[in-house]
Amino acid sequence: MDQLLQHLLNALILGGTYALLGIGLTLIFGIMRVVNFTHGELYALGAYMVYFFAMVLGVNFFLALVVAVLLGIAVGSLIELVLLRRLRDASIDTTMLVMIGAWIIMQNSEQLAWSGVAKSIVTPFPQAPLVLGPVSVSWTRVFVFVVAALLIVATHLLIQRTRLGKAMRATFQDRDTAALMGVNINAVYTATFALGSGLAAAAGALLGPVFVVTPTMGNLAALKAFAIVILGGLGNIKGATAGGFILAFAEEIGAGYVSSGYRDAMGFLLIIIVLLFRPTGLFARAERVG
Amino acid sequence: MTNLLRWPWLAFLLSVPVWLDDQYYLHILITTGIFTIAAMSLNLLLGFTGQLSLGHVAFFGIGAYTSALLSLGFDLELAESYTFVVAPKPVWFAFLCGILLAGFFGWVIGKISFKVRGAYFVIVTISFAEVVRLVALNWVDLTEGPMALSAIPPFTLAVPGLWEQTLYRKVPNYYLMLAVAILSYLIVRRLVLSRTGRAMIALRENEPLATSVGIDVTRYLVLAAVVSAAMAGAAGGLYAHYVRIVDPDVFLFIYTVTMVIMVITGGKGTLTGPIVGGLIFGILPVLLRTIAEPEAQWIIYGAIMIVIVYFLPDGIVPAVRAWVEGLQSRRGAAEPTALTGAPAAERKGD
Amino acid sequence: MSGEGAAPSTALSIEHITVHFGGLVAVSDMTFTVNEGEVVGLIGPNGAGKTTAFNVITGFLRPTRGEIRYRGRRLNGLRPHEVAEAGLVRTFQKTSVFAVNTVFDNILIGLHRSGRAAVWQTLLGLPSVRAEEQRLRDEARAILDFVGIAQRAGELGGALPYGEQRLLEVAVALAARPSMLLLDEPVSGMNPSETSSFMRLLERIRERDVTVLLVEHDMRMVMGVSDRVVVLNHGRIIAEGSPSQIQGDPKVIRAYLGAGVRRA
């Protein structure tokens with residue numbers, strides 16, 4: 001029983017960051033219909049930037065986190081402006097291939113810059129874990145959970161309460177009509193990609209200190225993000241949030257009771273099973289942004 | 001025009017081991033050829049039938065592992081008292097089983113592709129390959145996991161009772177690869193230029209119209225997937241018995257990407273495209289080997305792919321063909337292709 | 001017309017077809033028949049449900065309720081290619097051809113059903129396969145001549161001028177050997193001379209004993225070719241009869257011009 005509670009707690013915390021990853025991708029995938037292969041690389045970028053600023057440059061840990069997210073937003077904007085804008089009306093194959101090319105370039109650049117050795121990030125939190133009855137959790141993870149939760153709420157508010165969010169929702173529903181109503185589609189697309197990338201970078205920045213930082217960490221993250229999007233439905237933020245937690249729970253239970261080696265397979269198995277029975281995703285009926 | 005080029009090319013390829021002494025370069029040609037077979041198979045599914053299948057390396061790896069395991073023999077402890085034992089099988093038999101099993105999984109993917117469309121299908125195929133990789137990595141009892149399957153026996157070709165030859169050396173392996181490659185090319189070509197191929201292309205181009213004239217979508221998607229997967233499985237089998245060591249890294253997504261780059265750069269939906277792409281991306285690493293590290297090479301490939309997609313979206317082969325036709329029509333030598341339709345069909349397919 | 005003196009036999013029968021899209025009723029309790037060898041025109045204001053009716057008949061859409069029968073065989077739930085196998089072939093409202101294939105290859109694709117070669121036979125390159133290919137090519141030539149676009153055989157389907165693309169669509173549909181053809185706005189966008197040629201083509205198609213159901217907005221054309229006309233409005237049939245009966249029907253006039261029109 002205690003073990004189960006511990007797994008559930010771990011899943012809760014992991015789920016928060018997974019949700020960030022998933023929300024970022026579901027916005028991009030949903031609004032722009034782009035199969036974004038660079039999403040995992042933004043995740044890795046977030047982690048590497050925290051490592052670089054906090055460990056190499058000695059900057060304050062919390063400041064490093066903020067910088068990492070801001071850089072994620074900047075890189076996302078750049079990718080959209082340079083690569084995607086020209087492909088606005090191209091077929092899904094074309095954008096997919098360009099994204100694959102960008103992914104290859106990013107990952108190998110990271111490999112060249114940092115080498116393959118895993119890096120670890122030291123956090124300013126006390127080492128001794130917080131003990132809550134039968135379960136324990138490190139302070140770092142508590143912090144991660146709190147920040148992730150705040151970011152999820154903030155994103156939700158942005159989509160629901162701001163003008164930009166309204167523009168994004170309109171573009172999601174019907175791009176051409178939104179354009180006719182005066183929505184600046186270019187700006188919405190850039191903002192969407194930047195926001196999604198920023199969320200991915202945030203997830204990476206938060207999980208970097210929890211796990212280690214390697215150049216290939218983005219690959220699994222990207223695939224899990226896709227799993228979450230499929231679970232939650234394209235463009236569905238609530239679905240992606242739920243999907244993030246569902247995936248985390250599936251992984252924790254799978255790793256705990258089946259085999260830890262297959263932990264990462266859980267996400268993919270979920271994808272395949274869900275799509276076989278509901279080819280449009282679990283929550284797809286509520287398919288709208290927000 | 002391309003008809004004329006075919007025989008000289010064939011003669012050239014057949015002659016290579018005669019004058020190419022360097023074993024290293026011969027090795028590169030063999031592995032390039034194996035990958036090109038896989039690229040041709042991907043082209044059938046991606047280029048001709050229009051299915052965004054990004055898990056293709058799974059079929060390659062399944063072919064490799066199946067053939068390797070059956071030729072090595074294995075035992076699996078299924079229960080406390082029962083161990084499932086498979087004795088080593090002749091290589092040709094294991095190879096065929098690899099093809100069949102890969103084809104079976106192609107059938108599964110084909111069935112799925114009908115239900116799950118577009119971007120979702122892309123994700124399913126990638127996930128499928130990842131699951132297979134993780135199984136290969138973790139089911140150590142069967143696959144040796146990261147310790148790899150080694151000492152895989154090479155191919156043995158035999159005419160029963162008359163002659164037997166085990167292919168230890170590179171030259172015979174080169175010819176074996178060439179034989180399989182030519183056979184694959186012919187299979188794809190025959191399929192694509194037939195009524196079956198027309199149905200696949202119709203599905204790619206305009207599915208509603210295709211179904212309205214009686215083309216069964218599921219049937220042709222599945223057919224394309226099965227043939228494509230089986231061919232990739234054959235390439236995997238060749239790989240296993242040539243390199244003679246197989247580990248779960250064979251399922252890495254990066255190899256699917258390699259095949260995709262070969263197909264897209266060469267020209268998807270053309271017969272010679274994957275060959276051109278295969279040669280370029282098989283030989284390029286060798287040329288760049290001395291001046292750039294692997295990571296830098298990959299950055300270059302990524303950039304090449306982006307540039308091709310932007311400026312030559314149909315790939316190199318159609319661009320070259322259009323350029324040549326441009327030259328021909330300027331000289332006034334345009335051949336009348338309108339009436340019979342046959343050269344036009346070949347033009348499209350070749 | 002076939003069956004001179006004999007009672008006309010029913011080819012297609014639509015019974016109480018209803019189609020709901022979420023909360024929207026696209027077609028409501030639609031019932032009509034088309035007899036063998038007839039040309040029936042389906043008309044109605046925009047949004048009346050005509051293309052929805054086509055989609056339901058040819059298997060692109062499932063009806064919420066109702067039955068569709070062709071020559072006694074139930075078509076409900078069949079997939080589009082199975083409907084084509086039963087002999088019903090449709091064209092599409094928005095021009096639909098195989099754009100990157102030549103006109104000739106477009107017809108060859110349409111001739112798919114006529115081919116019987118199995119995959120293994122194809123791979124082995126058997127003589128029977130080659131003979132079949134030749135037969136298909138000959139048939140394609142014949143169809144191109146019949147429709148009148150033979151001179152375009154080598155051009156890409158997508159490169160044809162609009163009027164000829166629409167002819168290509170019909171040619172592709174004919175290649176599928178339909179016993180009944182469903183034409184969705186075949187002359188929309190055509191100029192008067194193209195429309196007249198199309199009407200002559202339709203006559204030639206009739207002579208081949210092909211039953212025709214067509215949706216059109218061009219009244220002169222519909223009234224000129226149809227044996228009977230069925231009028232849809234808001235998803236319901238409001239009138240049915242010969243062209244002259246329909247042209248004088250006040251319900252029909254009201255449907256097109258709106259209820260606000262008062263007769264003097």
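Visitor: How do β7(C) and strand β8 (residues 211-215) of chain C pair, and over how many bridges?

Guide: In the parallel sense, over 5 bridges. Strands are DSSP runs of E, at least two residues, and helices are runs of H or I, at least four, numbered from the N terminus. Two strands pair if DSSP finds at least two bridges between them. This is a predicted model: local features need pLDDT of at least 70, side-chain atom pairs count only at pLDDT 80 or more, and totals for chains, interfaces and linings use all residues. Residues are numbered from 1 along each chain as its sequence is written, while chains are lettered from A and ligands numbered from 1 in the order in which they are written.

Visitor: Which residue is the bridge partner of L181(C) in β8(C)?

Guide: V212(C).

Visitor: And what does strand β6 (residues 88-90) of chain C pair with?

Guide: With β7(C), in the parallel sense, over 3 bridges. There, L88(C) stands opposite M180(C) of β7(C).

Visitor: Is β7(C) mostly covered or open?

Guide: Mostly covered. Strand β7 (residues 180-184) of chain C has 5 of its 5 residues buried. Buried means 20 or more other C-beta atoms within 10 Å of the residue's own; exposed means 12 or fewer, and partly exposed is in between, with C-beta atoms placed from the backbone.

Visitor: Which residues point which way from β7(C)?

Guide: M180(C), L182(C) and D184(C) point one way. L181(C) and L183(C) point the other way. In a regular strand the side chains alternate between the two faces of the sheet.

Visitor: Zoom out. How is chain C divided?

Guide: Into domain 1 (10-96 + 176-257) and domain 2 (98-159). The bounds come from an automatic or database domain assignment. The C-alpha centres of the two domains of chain C lie 28 Å apart. Their contact takes 6 residues from domain 1 of chain C and 5 residues from domain 2 of chain C. Two residues are in contact if their C-beta atoms, placed from the backbone, lie within 7 Å.

Visitor: Which helices supply the domain 1 side?

Guide: α2 (80-85) and α7 (192-207) of chain C each supply at least two residues.

Visitor: Switching to chain A. How many helices and strands does chain A have?

Guide: 11 helices and 2 strands. The radius of gyration of chain A is 18 Å, close to the 19 Å of the globule rule for 290 residues, so chain A is as compact as a globular protein of that length. That radius is taken over C-alpha atoms, and the rule is 2.2 Å times the number of residues to the power 0.38. Of the 290 residues, 54% count as buried.

Visitor: How many residues of chain A are in contact with chain B?

Guide: 32 residues of chain A are in contact with 32 residues of chain B. α4(A) gives the largest share of the chain A side, 15 residues. That side divides into 22 nonpolar, 8 polar and 2 charged. Ala, Val, Leu, Ile, Met, Phe, Trp, Tyr, Cys and Pro count as nonpolar, Asp, Glu, Lys and Arg as charged, and the others, Gly among them, as polar.

Visitor: And chain B with chain C?

Guide: 28 residues of chain B are in contact with 34 residues of chain C. On the chain B side, the largest share is 6 residues, from α8(B).

Visitor: Where is confidence lowest in chain B?

Guide: In helix α15 (residues 342-349) of chain B, at a mean pLDDT of 38. pLDDT is the predictor's confidence in each residue, from 0 to 100. Over residues 333-350 of chain B it is below 50.
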